[in-house]
Amino acid sequence: MALTGIYGHIARDVAIDIIRHAFDMGVTHFDTAELYGPFVNEELLADALGSRRTRVEIATKFGYRLEAGKIAGLDSRPQSIRSAVEGSLRRLRRDYIDVLYQHRPDPNIPVEEVVGTMSDLVKEGKVLELGLSATDIETVQRASAIHRISFVQNEYSLIQRQPEQGLLPYLNGTGTDFVCYSPLGRGILARIPDVEAKRSPTDYRNKDPRFEPTRLAELSLALDPLWDIAAAHLVRPATVALAWLLGRSPNIRVIPGATSVEQLNANFAAASVPLSSEQRVALDHLMVARAAD
């Protein structure tokens with residue numbers, strides 16, 4: 001998502017280099033959506049991977065009605081799902097999608113009907129596995145009665161702990177993986193050096209109340225233990241924040257964005273950071289809830 005304008009302009013050749021570098025490092029799961037761009041993110045991924053696109057797992061999403069490049073509402077009608085999937089297959093230049101998510105719940109279409117259409121796409125060989133994004137326990141239960149849900153993707157990070165209140169415990173032992181989107185709090189956990197730094201007018205974070213200067217300053221202070229642990233390991237705070245997530249449960253995946261190879265390297269290093277039990281406890285008990293609400 002970060003490579004096609006959501007946080008400001010990224011040169012196309014830089015974006016391609018980041019994707020290729022990720023592949024060369026051993027990354028095998030790439031998360032995209034028709035919404036990102038819109039549409040151009042899937043095309044970018046296909047161009048960057050080239051013939052290698054059949055050697056990785058690609059997840060994409062449907063569920064928004066797009067008009068003239070803008071969001072015009074939610075749309076998970078069966079015909080819209082099929083149209084979105086055909087478009088994604090064309091842009092990704094693939095015969096099938098590894099993981100297909102409903103991007104956001106559509107209040108006008110029961111999830112049973114949505115998953116029924118997705119299940120038909122599995123039977124037709126156009127999709128391998130199904131996922132739900134921004135969902136809850138009840139919806140997962142209803143969806144799972146129609147077809148196996150392999151992935152649930154919700155926001156989860158050191159400063160967004162809501163999934164711990166029910167969804168994560170529920171998924172343990174079900175065989176459904178939990179995918180953390182915004183695992184770095186849209187960059188907050190990477191320690192932005194200047195809380196009042198000006199962002200691009202098109203930066204999505206301009207709409208996020210956590211990025212209001214006073215709130216961001218409060219969060220930065222509350223996260224002092226994260227900065228200290230990162231310094232002790234001689235790694236970036238983002239590396240520690242991701243390592244903490246990966247250690248929470250064996251069924252957790254993270255999909256951090258990166259807008260440079262340096263960020264990508266820091267993210268990738270999370271898999272090998274040996275956090276001590278004391279450090280994990282310190283991160284578990286970070287007093288960030290009030291600042292993040």
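Guide: Start with a contact. In this predicted model, V240, A243 and W244 of α9 meet R280, L283 and D284 of α11.

Visitor: What makes these residues count as meeting?

Guide: The cut-off is heavy atoms within 4.5 Å. V240, A243 and W244 in α9 meet R280, L283 and D284 in α11 on that basis. By class, the contact has four nonpolar, no polar and two charged residues.

Visitor: Why are α9 and α11 called roughly perpendicular?

Guide: The axes of α9 (residues 237–246) and α11 cross at roughly 95°. Roughly perpendicular covers 65 to 115 degrees. Therefore α9 and α11 are roughly perpendicular to each other. Their axes come within 11 Å.

Visitor: Why is α8 described as roughly antiparallel to α11?

Guide: Helix α8 (residues 224–233) and helix α11 (residues 277–284) have axes that cross at roughly 155° and come within 10 Å. Angles over 145 degrees count as roughly antiparallel, so α8 is roughly antiparallel to α11.

Visitor: Which hand does the crossing of α8 and α11 have?

Guide: That crossing is left-handed.

Visitor: Which residues of α8 and α11 meet?

Guide: On α8, they are L226, I229 and H233. On α11, they are Q279, A282 and L283. The contact has four nonpolar, two polar and no charged residues.

Visitor: What angle do the axes of α2 and α3 make?

Guide: Helix α2 (residues 40–49) and helix α3 (residues 78–92) cross at roughly 35°. Their axes come within 8 Å. In the contact, E42, E43, L45 and A46 of α2 meet S88, R91 and L92 of α3.

Visitor: How do the residues of that contact of α2 with α3 divide by class?

Guide: Three are nonpolar, one is polar and three are charged. Glu and Arg count as charged, and E42, E43 and R91 take part in the contact.

Visitor: What is noted about phi of A68?

Guide: Phi of A68 is near 55°. That is a positive value in a residue other than glycine. A68 lies in the loop between β3 (64–67) and β4 (70–74).

Visitor: How many cavities of 30 Å³ or more does a search of the whole structure find?

Guide: The search finds two.

Notes
Residues are numbered from 1 along each chain as its sequence is written. This is a predicted model: local features need pLDDT of at least 70, side-chain atom pairs count only at pLDDT 80 or more; totals for chains, interfaces and linings use all residues. Side-chain values use heavy atoms; hydrogens and water are left out. Axes are lines fitted to C-alpha atoms, for helices over the stretch in contact, and angles run from 0 to 180 degrees between N-to-C directions. Helices (H or I, at least four residues) and strands (E, at least two) are DSSP runs, numbered from the N terminus. Angles under 35 degrees count as roughly parallel, over 145 as roughly antiparallel, 65 to 115 as roughly perpendicular and the rest as oblique. A crossing is left-handed if the near helix is turned anticlockwise from the far one by less than a right angle, and right-handed if clockwise. On a 1 Å grid over the protein atoms alone, a cavity is a set of points where a 1.4 Å probe fits but cannot get out, and a pocket is an open set with protein on both sides within 12 Å along at least five of seven lines; lining residues have an atom within 4 Å of a point. Grid points are joined across faces, edges and corners, and a volume is the space filled by probe spheres set on the points.
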